[in-house]
Amino acid sequence: MLKSLLAGAALTLAAGAAMADPVEGTWQTEVDDGAYAYVQIVPCGTKFCGTIARTFNAQGEYKAQTLGKQLVWDMEPQGNGAYANGKIWRPSNDKTYKSKMLLSGDSLKVSGCVGPICLGQNWTRVQ
């Protein structure tokens, strides 16, 4: 009986891991204002949010004031690797923009938009 319970629990955990959205994980941003970050993207309800997990500059890893701050929020999955209707915060100018993302393998194109004009970065999956 115990073996059956443990086997069932293992299958449930494996199924949960298999159902994780492909955007979940840690992503490295491009350099902006001399620094870059690792952003941890996780579910937040039915949407996705990203928090600054680690920060780096030319000297290596350092403890920026932005550590632990939310960088991305309310990203809604649209299918086919697209996410939309979110927000993104740019620490270098302390502004928040409408945002969208497009996932392709281990690359995530993240865009911040003002009206129809969008600027973006290509983030790379760390894990």
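Author: Strand 5 and strand 6 (residues 82-90) run antiparallel and are joined by 5 bridges, where strands are DSSP runs of E with at least two residues, numbered from the N terminus, and two of them pair if DSSP finds at least two bridges between them. The model is predicted, so local features need pLDDT of at least 70 and side-chain atom pairs pLDDT 80 or more, whereas totals for chains, interfaces and linings use all residues. Residues are numbered from 1 along each chain as its sequence is written, and side-chain values use heavy atoms, with hydrogens and water left out.

At the turn, Gly79 has Ala82 of strand 6 as its bridge partner, and Asn80, in a hairpin with 2 residues between the strands, takes a positive phi near 55°. Strand 5 (residues 70-79) also pairs with strand 3 (residues 47-57), in the antiparallel sense and over 3 bridges; here Thr51 is the bridge partner of Gln70.

Tyr36 and Phe56 are stacked, at 4.9 Å centre to centre with 10° between the planes; because Tyr36 lies in strand 2 and Phe56 in strand 3, the pair ties together parts 20 residues apart in sequence. Phe56, at 8% relative accessibility, is buried, which means under 20% relative accessible area with a 1.4 Å probe and protein chains only (exposed is over 50%, partly exposed in between). Tyr38 and Phe56 form a tilted pair, 4.7 Å centre to centre with 50° between the planes.

Terms used:
Helices (H or I, at least four residues) and strands (E, at least two) are DSSP runs, numbered from the N terminus. Rings of Phe, Tyr and Trp (its six-membered ring) pair if their centres lie within 6.5 Å; planes under 30 degrees apart count as stacked, over 60 as edge-to-face and the rest as tilted.
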